[in-house]
Amino acid sequence: MDYNSRMKLVNVSDYGIKSINYYWARKEQFNLSLDELNSVGIAGDETLVDAQIIPSLLRANEAFRKLGFEMIIKDGYRSAELYDLVRKKRYEIDGKENTDKTFSTGSMPHSSGFVVDVNLISLEDHKEVEMWDKKDWPEGIFMDFYRDKDDSKSIEYQRLQDLLVNNMQKVGFCLGKRREFHHFEYKK
Ligand SMILES: [Zn+2]
């Protein structure tokens, strides 16, 4: 991997933060072989980030716990090679239009190591919290999609998305330029 040599990548699970590796976990869905994953630096179901953002992630997790949740990080550092491979696979599976709308390959924000995709797990049943409806793909993952809808499901999705975003913002993260509710970029 030719990532920036100044980066110090660490595994978030070593700090007690739950995680999956988005593409490892979905290798069947995206038709990714183990060889292909290995060739772009993914060796297992783990999320790597720059060590500098760990303190902020731990603070956010504390805040979530007080509200009955904990975070699960579903994607962190992605190499440029992974971006290329995944874009190719997603074009095949989801088409160019949906892929270009939801997958930034130009600026590759996740290649910095300072970017995470976060969801919440309920401390009550230890299940992932549903924060959008898959039938709304891809629009449902953008902040404010549910804002003006008044059915109870939409109101709950918006409440949870706001809770997630507010707590991440308090520890130094902000949404990306596409404003996906789960995608956070650390402001250095
Ligand atoms: Zn992201």
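1. Let's start with how the chain meets itself. In this predicted model, 72% of the contacts between residues at least 6 apart in sequence join residues at least 24 apart. Keep that in mind while you follow the individual contacts below.

2. Next, the overall layout. The protein has five helices and seven strands, and from the N terminus on they run β-β-α-α-β-α-β-α-β-α-β-β. The radius of gyration is 16 Å, close to the 16 Å that the globule rule gives for 188 residues, so the protein is as compact as a globular protein of that length. The C-alpha trace spans about 45 × 35 × 30 Å along its principal axes. Of the 188 residues, 27% are buried.

3. Now to the sheet. Five strands form an open sheet in the order β2-β4-β5-β7-β6, and their pairing is mixed. At the edges stand β2 (18-19) and β6 (173-175); each has a single partner strand, so one side of each is left without a neighbour in the sheet. Further in, β5 (residues 115-122) and β7 (residues 183-186) pair in the antiparallel sense over three bridges. If you want a spot to look at there, V115 has E185 of β7 as its bridge partner.

4. A helix goes with this sheet. Helix α3 (residues 54-66) packs on it and touches β4, β5, β6 and β7. The direction of α3 makes about 140 degrees with that of β4.

5. D75 deserves a visit of its own. This residue belongs to strand β4 (residues 69-75). Is D75 buried or exposed? With 22 other C-beta atoms within 10 Å, D75 is buried, since the cut-off for that class is 20 or more. Not counting residues up to four places away in sequence, D75 touches Y22, T47, H110, V116 and D117. The C-alpha atoms of D75 and V115 are separated by 8.3 Å, although the two residues are 40 apart along the chain.

6. What about the nonpolar interior? Nonpolar side chains tend to be buried together in soluble globular proteins. Here the largest nonpolar core has 29 residues, and those that touch the most other members are V49, M71, I73, V116, V118, M168 and F184. At least two residues of this core come from each of β3 (48-50), α3, β4, β5, α5 and β7. The largest share, four residues, is supplied by β5.

7. Leaving aside neighbours within four places in sequence, I73 is in contact with V12, I17, S19, T47, V116, D117 and V118.

8. Finally, some backbone details to check by eye. Most residues other than glycine have a negative phi, and most peptide bonds are trans. Where does this model depart from that? A cis peptide bond joins W137 and P138, with omega about -5 degrees, and P138 lies in the loop between β5 and α5 (152-170). D144 is in the loop between β5 and α5; its phi is positive, about 85 degrees, although D144 is not a glycine. D144 counts as exposed, with 11 C-beta neighbours inside 10 Å. M108, in the loop between α4 (80-102) and β5, has a positive phi near 45 degrees and is likewise a residue other than glycine. M108 is partly exposed, with 15 other C-beta atoms within 10 Å.

Definitions and conventions:
Residues are numbered from 1 along each chain as its sequence is written. This is a predicted model: local features need pLDDT of at least 70, side-chain atom pairs count only at pLDDT 80 or more; totals for chains, interfaces and linings use all residues. The radius of gyration is taken over C-alpha atoms; the globule rule is 2.2 Å times the number of residues to the power 0.38. A residue is buried if 20 or more other C-beta atoms lie within 10 Å of its own, exposed if 12 or fewer, and partly exposed in between; C-beta atoms are placed from the backbone. Two residues are in contact if their C-beta atoms, placed from the backbone, lie within 7 Å. Two strands pair if DSSP finds at least two bridges between them. Axes are lines fitted to C-alpha atoms, for helices over the stretch in contact, and angles run from 0 to 180 degrees between N-to-C directions. A nonpolar core is a set of buried Ala, Val, Leu, Ile, Met, Phe, Trp, Tyr and Cys residues joined through C-beta atoms within 7 Å.
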